[in-house]
Amino acid sequence: GLDARPEDITHKGQIDLSLRYGALVYLFEFKVVAEQAEGRALRQLLEKGYAEKFRTPGVTIILIGIEFSQQERNLVDFESCEG
């Protein structure tokens, strides 16, 4: 019952990963940053309106931005909000 779509196309760009499970939709954006968290991943999801593709009554949309440090090669930021 899990619908996973990498590089999901929208009219404003590509969502890195969308996961749909029943009435829940999770949208992921991944970014590689130089060293420290910049908040760009979640900001892109919000600014490009990626959630609009999934917006229907009864559906809950969760936006998740994840950033990895190029230097440390590790997770440096994880942000989420309801879309």
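What covers the buried residues of α1? The cover includes β2 (13-21), β3, β4 and β5. The model is predicted. The views below take this helix and its surroundings in turn.

**View 1. Helix α1 and its buried residues.** Helix α1 spans residues 40-47. Within α1, A41, L42, Q44 and L45 are buried. These residues cover an arc of only 155° around the axis, so they sit on the same side of α1. An α-helix has 3.6 residues a turn, so residues three or four places apart point the same way. Strands β2, β3, β4 and β5 are among the elements that cover the buried residues of α1. G49 follows α1 and has a positive phi, near 60°.

**View 2. Strands β1 and β2 as a hairpin.** Strand β1 covers residues 2-10, and β2 covers residues 13-21. The two strands, β1 and β2, form a hairpin with 2 residues between them. Pairing of β1 with β2 is antiparallel and runs over 8 bridges.

**View 3. E7 and its backbone angle.** E7 lies in strand β1. Most residues other than glycine have a negative phi. E7 counts as exposed because its relative accessibility is 54%, and the cut-off for exposed is over 50%.

**View 4. Strands β4 and β5.** Strand β4 holds residues 60-69, and β5 holds residues 74-82. These strands, β4 and β5, pair in the antiparallel sense over 8 bridges. E67 has D77 in β5 as its bridge partner. The hairpin of β4 and β5 has 4 residues between the strands.

**View 5. R73 in the loop between β4 and β5.** R73 lies in the loop that links β4 and β5. R73 takes a positive phi of about 55°, although R73 is not a glycine. Is R73 buried or exposed? R73 is exposed, because its relative accessible area is 74%. The view also takes in E35. R73 and E35 are 38 residues apart in sequence. Their C-alpha atoms are 9.2 Å apart in space.

**View 6. A nonpolar patch on the surface.** Which residues form the nonpolar patch on the surface? The patch consists of F30, V32, F68, L75 and F78. Together these residues have about 460 Å² of accessible area. Strands β3 (24-33) and β5 (74-82) are the elements that give two or more residues to the nonpolar patch. L75 has its place in strand β5. L75 counts as partly exposed because its relative accessibility is 43%.

**View 7. Salt bridge between D3 and R5.** The count of salt bridges comes to 5. Side chains of opposite charge can pair when their charged atoms come close. One of the salt bridges joins D3 and R5, with the closest N and O atoms 3.2 Å apart. D3 counts as partly exposed, at 30% relative accessibility. R5 is also partly exposed, with a relative accessible area of 44%.

**View 8. Salt bridge between R40 and E38.** The side chains of R40 and E38 meet in a salt bridge, with an N to O distance of 3.6 Å. R40 is partly exposed, and its relative accessible area is 33%. E38 counts as partly exposed too, at 39% relative accessibility.

**View 9. Salt bridge between E52 and R55.** E52 and R55 meet through their side chains in a salt bridge of 3.1 Å, N to O. Are these two residues fully buried or partly exposed? E52 is partly exposed, with a relative accessible area of 46%. R55 counts as partly exposed, at 40% relative accessibility.

How values were computed. Residues are numbered from 1 along each chain as its sequence is written. This is a predicted model: local features need pLDDT of at least 70, side-chain atom pairs count only at pLDDT 80 or more; totals for chains, interfaces and linings use all residues. Side-chain values use heavy atoms; hydrogens and water are left out. Patches are made of residues with over 30% relative accessible area and no salt bridge: like charges are joined within 9 Å, nonpolar side chains (Val, Leu, Ile, Met, Phe, Trp, Tyr) within 5 Å. Accessible areas come from the Shrake-Rupley method with a 1.4 Å probe; for residues, only the protein chains shown count as cover. A salt bridge is a side-chain nitrogen of Lys or Arg within 4 Å of a carboxyl oxygen of Asp or Glu. Buried means under 20% relative accessible area, exposed over 50%, partly exposed in between (1.4 Å probe, protein chains only). Two strands pair if DSSP finds at least two bridges between them. The arc is that of the directions from the helix axis to the C-beta atoms. Contact means heavy atoms within 4.5 Å.
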